[in-house]
Amino acid sequence: MTVEMMIGRGREAIDMIVDPGSFQENRIGESEFSPELGPGAVVGEAKLAGRDIVVIANDAEAINERFPVVYFGVIGMEEAYKMAKTVYTVMRQDAEKAAGEKRPLLLIVDTPGNAPGKIEEIFGMNKATGAYQLALAEARRCGHAVVAMVIGRAISGAFLCHGLQADHILSLSPEFGTMIHVMPLTSISRITKLDIERLEQLAENNPVFAAGPDFFYRLGGVDEMVTELEDMPSAINRHIQEIEAAKAAGVADCTGPMYHGKLGEQRGGRMHRRPVIERMTAEFAAVAEQYL
Amino acid sequence: MALQELHYTFRATEPQPFPLGWSHSGVVGSGDMEVMFERCMLDGEIRFKVVTPVRGFERVWEQVLGRFVNETNLADVSVEINDNNATPVVVLMRLRQALKEARKEAEG
Amino acid sequence: MITEESVSWDSLLQDTRARLAAAAPYVQAGKQVAAADAVKLLEAVLRPGDKVNLEGDNQKQADFLAGCLCRVDPAQVHDLHMVQSVLSLDRHLDLFDKGIAKKLDFSFSGPQAGRLAEYVRAGKLEIGAIHTYLELYGRYFIDLTPRVALVAAYSADRNGNLYTGANTEDTPVIVEATKFKQGIVIVQVNEIVDQVPRVDIPADWVDFIIQSPQPFYIEPLFTRDPALITDAQILRAMMVIKGIYAEYGLQRLNHGIGFDTAAIELLLPTYGEELGLKGKICSYFALNPHPTLIPAIESGWVRSVCCFGGEVGMEEYVKARPDVFFIGPDGTMRSNRCLAQTAGHYALDIFIGGTLQIDRYGNSSTATATRIAGFGGAPNMGCDARGRRHATSGWLRCGEEYGLQQEMTGGLPRGKRLVVQLQETFREKMTPGFVEELDAVQLAKNAGLALPPVMIYSDDLTHIVTEEGIAYLHKCADMQERMAAIRAVAGYTDIGLQEDPQETAALRKRGIFKTAEDLGIDPARANRSLLAAKNMRELVHWSKGLYTPPARFHNW
Amino acid sequence: MTDWQALQQKSFYEATARERANGIVDAASFTELAGPRDRMSSPHLPALGEAIEFDDGVVTGVGRVGKHPVFVISQEGRFIGGAVGEVHGAKMVGIFQLAQQAYAQLAAKGADSLAERLPAVVISFETGGVRLHEANAGLLAHAEVMDQIQNARGKFPVIALIGSKIGCFGGMGFVAAATDLIIMSELGRLGLTGPEVIEQEMGREEFNASDKALVYRTTGGKHKYIMRDCNQLVEDSIGAFRTALASALQQPYAEIARCRRIGSEALVDEQLALAELSCEIQPQDARDVWAYFGNADAAAIPEQTTADFLRTVRRRP
């Protein structure tokens, strides 16, 4: 078993996963992106087990010269819109294809956050991350298989943006230094003024606040943990097939965030979500006539 | 430090019913609280449940709630309070306001 | 035996001349010294052990000069004795950290209170005394006369005439005390102009002027955002207006700083109006330009306001209301803290303010065991002015009610200043507002102070207002009764829980303790809808756009 | 509950979540779902010693605006900053699911009746995003809400109201961006990264978080209106928000959907062009952008009344 930290190695991860030499950066079918645009986002087409896919990844080494807070894998405005544009491009090009024929989207996740800058706020960074999520949700709902593979950092809003809208989410296991969290426990301790040891102790039984892929697994936020780097291609391929099969079966919310909500309950991590929704449904049923 | 639950029971001298089946008011902001009144048969008693992050003020709660019962004579009602560091003055104020609102709603 | 030669009657002047000569290389045209030479200038004119006044109160700060003083060579300049109103900047304490200064006589240290206590404990700093403003100014002319004063002004002309404008504050008293005892006056100014708008300090009282790289800092200390006023504060404010202001017909007031008094100000045009009190109360103030007073001023309540200092953002408003504020021939306000404090001491009928702790006897303090906060000016107003000889109706009435009047003056008529403390029985995190013993007592022990720092003594205090009601303490016949009245308003604190209900009932019958209900106030009405302005923006609207709040309060 | 007429006059900024929920729909039409009596408070906060609220900081329910059933989410900023935890998030998701059900039922009755009675989801935001005490669950709930917004597209409108004390930040900032129509008051704030974090990243010289005027210029209602990141700017009263909501719901769905800023390739192209423009202008301050769009006296804009502002402002073309 090879245990190597993959943080900051998004480009290498692409090569490890896709068929050798198949990745064509900045090209999606007949569309092409300028290499200057959003360098922190690596997009392009590739083959996985011989099949055409589209890859969206982070480049931790790229520095976006035009936006000083965008470096080390941060998703800035250009990066997020480039990612969104990639998704729309795939959807447009595959619009006429049957569900199983549409190209899968592979999100390779290693990002520490969304760009926290002044210009970003003035121009509305919230739209950029929102745009990408809507695009992914649409692609997922219109039949593309969307798989996220967390190889390094999947932090807070950036993970929401790049990862959590996928049909299925895979993560390298914690030995690889994989980080999934909103905030490290030390920061949570500082902000909530709760003792760190107490928090660690509580986290053993309750995964809702602690940092790490294991906790997200228990909450249904990660479908499967991949324990060997070499297993990534086959695991991703297997999930693509599962997703396509599930979609073909036509069951609503059989993948994606709503499915992950159910998974969280099955794994004993999110026990309160369903009872809340059911209670609301029952209460509305009692008064629905007045409104409909 | 987990949240603390406190329970108190009082019996009013001249029992008065709560004017509504139930009522809720307030917001659990910092230094504030919410309260829920629910009418139920308690054999002339009034019961309070207080959920609070603050420790060491059990006696103060008892005094404050006792005073509210004394001035209102409420009975056969269960009262639940979610507290977030409300001072006694705020507690009394919120309880009185809640009762006043309930009376107004009962009349209107 | 004294010979003619051995007597020198101008040694101070000689010494000053020597120091000025040492500074000569840094002086450019007129009295100007470049900012870059400021540290060298200070090294030239300062001697170890000097009494140095570094201007800075709770509002304006000679912050550039304070920074320069921190950079002098401690081998050359050390053991200074700082005499200054307020310790509020980090650099004020850095001086002691570096050994540049050793001793401190001051008045207020709000933001630095914790660090100050630490330094005293560590032996880095020796406190002479903690004063009230007037007391400290007084000592500038007796035994704490500065050898060198470092002050701040808005502008200077090339001769050194100073314009200190709305924020004149302590400058005149410092400069006069220093210069008339042959001391040296160094001024940082925001700009050097051909002609100052008005001469606040004449040029021949000034030795050096330095144009500072940044304008001097002013703290918008008296700005209170109405959005933060709570229902409990509104309830207390209603009780004050009805149970004290209306009861005594109080026309001449000082409001201590805080949200309680801001609430009172914002209730005048609503609740006060409803009670028909306009013209009958609150016509004259000794008060900083409180933004929360704008609605009352605009509604015609206020005839005159004498200010201790300026307030950031209120300049244009104040300028446009010359009937109300004290405006110079140039059209801008001048504050003079010494005169305003004198006015506050002698010419007011009431002081009202908040505090941190009141003990079971009625002494109050804002110090805690680990914070040496000091007083500022409040005690000059929060006391009975024993030298007062003019009568006003509220003052007379309070004297008539005074329980010890017969005993002390044989029944000869004498009035009494109302000194009112607004107190929450519990503050945030359930910290009690009433205690067995003031933390100040422990602090005095810890810091080796001769006196516990008491803000207002029990014998000056006439009323306490809490959400429980009002205690009219001055009516009490003796200390036992006073303590019972304090227990009655102390709510659920340990002091309050010692209350004897029968005793309280008796006090209530005699009008020594009144609840909101006794005053005819419905506590359910105590909510934010009563405020004449609910946020900063509404204050700006009331001011017709003349008030421009500082950026940190500009929440729209 | 305070009477509805009085609520209409009340400041939206000062109002509680429950007051807003009741006041933005027709009089006496609001039914709370999973209300306080259900005691669906957070199961996670007690162990952490953090106060709980029966409704977990969000009022959810259904009301009517004209003939339209309106599904309401109203967040309470006073309770842990309106932050989203497991229950709070589930309540938001529940509202979307009920709206979907209502849509399906009405659609089954035929197209005419559907247009007339088209349901809507209205979110009165007051939140900083994820609740740290249950951060992971809160984050996952955000993803569900985003998915639900996408799922509503082409069916019924999702409308954002922003004018409360906390504003709308963090993950909820992009939830708001993803809605069809955004109504704000000048006191509302919308963004992704909170001012303190920007200060921490960029330094105090570049962005002073305690400068509220700067914070408002960067994220406030007027700025968002100029940028077309908010569609309507209204006075700070519940009544003003309700009136704007009611008139929006009188529009055909297609008209409301035209108010979106993201959610299609064409809109992403438009936003990308705007990101390029940001490089060209290199604004030091939002005022530079206002001036660029033709507001000569940019400095005066914050002081204008909403009415004056709306009369004179030049928005992004």
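1. In chain C, strand E18 (residues 418–422) runs parallel to E22(C), and three bridges join the two. Strands count as paired here if DSSP finds at least two bridges between them; the elements themselves are DSSP runs numbered from the N terminus, with helices (H or I) of at least four residues and strands (E) of at least two. The model is a predicted one, in which local features need pLDDT of at least 70 and side-chain atom pairs count only at pLDDT 80 or more, while totals for chains, interfaces and linings use all residues. Residues are numbered from 1 along each chain as its sequence is written, and chains are lettered from A and ligands numbered from 1 in the order in which they are written.

2. On its other pairing, E22(C) meets strand E23 (residues 469–472) of chain C in the antiparallel sense, over four bridges. Two residues lie between E22(C) and E23(C), which form a hairpin.

3. Val465(C) takes part in both pairings: it is the bridge partner of Leu422(C), and it stands opposite Ile470(C) in E23(C). From strand E22 (residues 463–466), the side chains of His463(C) and Val465(C) point one way and those of Ile464(C) and Thr466(C) the other way. All four are buried, a term that requires 20 or more other C-beta atoms within 10 Å of the residue's own, with C-beta atoms placed from the backbone (12 or fewer would be exposed, and values in between partly exposed).

4. Chain C is divided into domain 1 (27–218) and domain 2 (226–537), with bounds from an automatic or database domain assignment. Their C-alpha centres lie 32 Å apart. Each domain gives 32 residues to the contact between them, where contact means C-beta atoms, placed from the backbone, within 7 Å.

5. On the domain 1 side of this contact, helix H5 (113–121), strand E6 (126–130), helix H6 (133–140) and helix H7 (171–179) of chain C each supply at least two residues. H5(C) gives the most, with six residues. By class, this side has 16 nonpolar, ten polar and six charged residues. Ala, Val, Leu, Ile, Met, Phe, Trp, Tyr, Cys and Pro count as nonpolar, Asp, Glu, Lys and Arg as charged, and the others, Gly among them, as polar.

6. Between chains A and D, the contact takes 69 residues from chain A and 75 residues from chain D. Elements giving two or more residues to the chain A side include helix H2 (77–93), helix H4 (125–141) and helix H11 (273–291) of chain A. H4(A) gives the most, with twelve residues. The chain A side comprises 37 nonpolar, 19 polar and 13 charged residues.

How values were computed: Two residues are in contact if their C-beta atoms, placed from the backbone, lie within 7 Å.
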